[in-house]
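Here is a structure to go through by asking what lies behind each label. Each reply sets a value against its definition.

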Amino acid sequence: AAVEFVHRRDFGQRAILEGKSPARDQPNEFYTISNMKKAYGIPEKLLASNDKTLQMVWGPGTFGFDETELSFHKLEQCPLLNVSRVVFDTPNHGKSGGDNFGEGNLDAKMIASFGLNVKTLVSNTNTSSSTEEGEGFGQALLDFATDVATRDTLPQVLSMSLGSLGAYACDTLCTEAVKKGFTMEKCRSYLQSQRQVCMFLSQPQTDRINSAFKVLGTRGVTLFGASGDGGSHFSFGSFEGGDIADALNTISCDINMPVYPTASPYVISVGGTMWSGDSSNPVTWAGFGGGSGGGFSWQFSAPAHQKDAVAGYLNGTTGLPPKSSYNAAGRAYPDISAVGTQGTSQSCPIMAGIFSMIMDHRLNQGLPPLGFAAPRIWQVASQYPGEAFQDVTEGNTKTSCSTGFPATKGWDPNTGWGRPVWAGMVKHFGSDSAAEIVV
């Protein structure tokens with residue numbers, strides 16, 4: 001089907017990148033770059049030193065960054081940030097005022113602060129209006145992923161903070177809405193009027209995107225995706241606007257609604273945390289009417305490296321949602337987490353930047369980049385608990401609904417295996433001698 005490019009009527013609605021963080025009433029100023037690095041054990045003055053280390057953030061529409069804003073961030077929080085190392089890789093430099101421009105600024109700040117001195121590409125490959133918050137996004141992502149895989153020089157790390165409910169979830173919403181008396185046309189029209197809720201045309205389209213992601217992984221790119229800000233039920237938070245919104249809220253609370261691209265088996269899904277009391281006590285991030293996204297894909301099967309840990313979670317955890325509401329055999333997410341008091345759009349580039357420093361360490365030793373790193377992450381986390389990732393055991397994905405997936409010891413659909421522990425990450429991912437490598 002052709003992509004119909006439309007202008008958004010709700011531009012900027014429910015933007016979450018401004019103001020105070022709801023994280024246990026702590027202001028955003030509490031979560032400084034310095035404080036977060038201390039929490040993860042990352043040396044504050046650690047700089048990348050290999051000229052071949054390369055990281056990228058991507059988004060369409062108004063996605064971009066403001067060099068003045070990045071310079072101010074450097075002065076305020078990250079004095080060693082080299083602004084000249086953050087560059088555009090297309091003529092599209094974004095447009096101030098758009099949601100995705102705010103996203104691009106956040107992405108650039110976080111990945112450049114944690115991937116310190118790594119050359120950073122800010123990529124916007126499609127500025128059409130429907131790519132900002134509607135179904136044009138899926139085509140833009142497919143075109144980008146297909147094109148970037150053909151480049152001679154690739155980033156070792158690619159961070160994707162943008163996304164929405166997956167095509168399967170959106171199909172399910174409207175199929176169930178029809179059963180409640182709404183027409184398919186009314187349901188789909190309503191969903192397209194909502195900000196970044198359903199941005200993919202079809203399940204075959206997300207299958208094709210997955211194929212492109214797989215190619216990127218084989219070429220040495222590690223992909224990261226934000227796990228979403230609506231727990232296990234929404235893209236962000238509950239719907240608003242009359243009977244159709246009420247019906248969709250009921251459906252969403254009854255069924256796990258996974259997001260994409262984070263639920264792709266070829267993406268490292270990054271959830272969000274916040275601190276309870278101080279930085280030594282991380283809990284699952286919740287705020288803005290939502291919370292750290294997580295759950296199980298309906299469209300994509302669980303890869304082999306997930307099955308034992310997920311079975312342990314599902315068989316050993318009480319208070320789970322009804323079994324009919326989620327796909328226990330689906331790809332489970334998130335994989336790992338980082339601070340996300342501005343949403344998982346913050347935690348994703350933070351984690352991507354940290355892995356860029358791991359890539360720099362590997363390149364300096366003459367080792368290849370990690371590429372498809374998920375099997376190794378799950379192997380390390382299960383065999384060496386607490387060494388590379390600190391477990392987060394408080395939280396629930398229910399948001400405004402009555403049921404959700406509770407956090408617990410070990411992997412869970414709130415924060416995955418937990419937040420980074422730098423020394424353990426260097427030990428287990430910075431070399432290939434610490435453990436037998438899973439492929």
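Q: Why is glycine 61 called buried?
A: In this predicted model, buried means a relative accessible area under 20%, exposed means over 50% and partly exposed lies in between, with a 1.4 Å probe and protein chains only; glycine 61 has 8% and therefore counts as buried. Residues are numbered from 1 along each chain as its sequence is written, and side-chain values use heavy atoms, with hydrogens and water left out. Because the model is predicted, local features need pLDDT of at least 70 and side-chain atom pairs count only at pLDDT 80 or more, while totals for chains, interfaces and linings use all residues.

Q: Which residues are in contact with glycine 61, leaving aside its neighbours within four places in sequence?
A: With contact meaning heavy atoms within 4.5 Å, glycine 61 touches Asn124, Asn126, Thr127, Ser128, Thr131 and Glu132. Glycine 61 sits in the loop between β1 (54-58) and α2 (67-76), where helices (H or I, at least four residues) and strands (E, at least two) are DSSP runs numbered from the N terminus.

Q: Why does threonine 397 count as buried?
A: Its relative accessibility is 0%, so threonine 397 falls on the buried side of the cut-off. This residue belongs to the loop between β15 (389-390) and β16 (419-420).

Q: What makes the pairing of the threonine 397 and serine 232 side chains a polar contact?
A: A polar contact is a pair of N or O atoms within 3.5 Å; within protein, one must be able to donate a hydrogen and the other to accept it, and residues adjacent in sequence count only if both atoms are side-chain atoms. The contact between the side chains of threonine 397 and serine 232 is 2.8 Å, and the threonine 397 side chain also reaches the backbone nitrogen of phenylalanine 405 at 2.7 Å.

Q: How do you know that the span of helix α8 agrees with its number of residues?
A: The expected span is 1.5 Å times one less than the number of residues, so the 16 residues of α8 (residues 203-218) should span 22 Å, and the 23 Å between its end C-alpha atoms agrees.

Q: Why are the buried residues of α8 said to line one face of the helix?
A: Taking the directions from the helix axis to the C-beta atoms, the buried residues fall within an arc of 165°, and therefore line one face. Among them are Gln205, Ile209, Phe213 and Leu216, and their cover includes α5 (136-148) and β12 (295-301).
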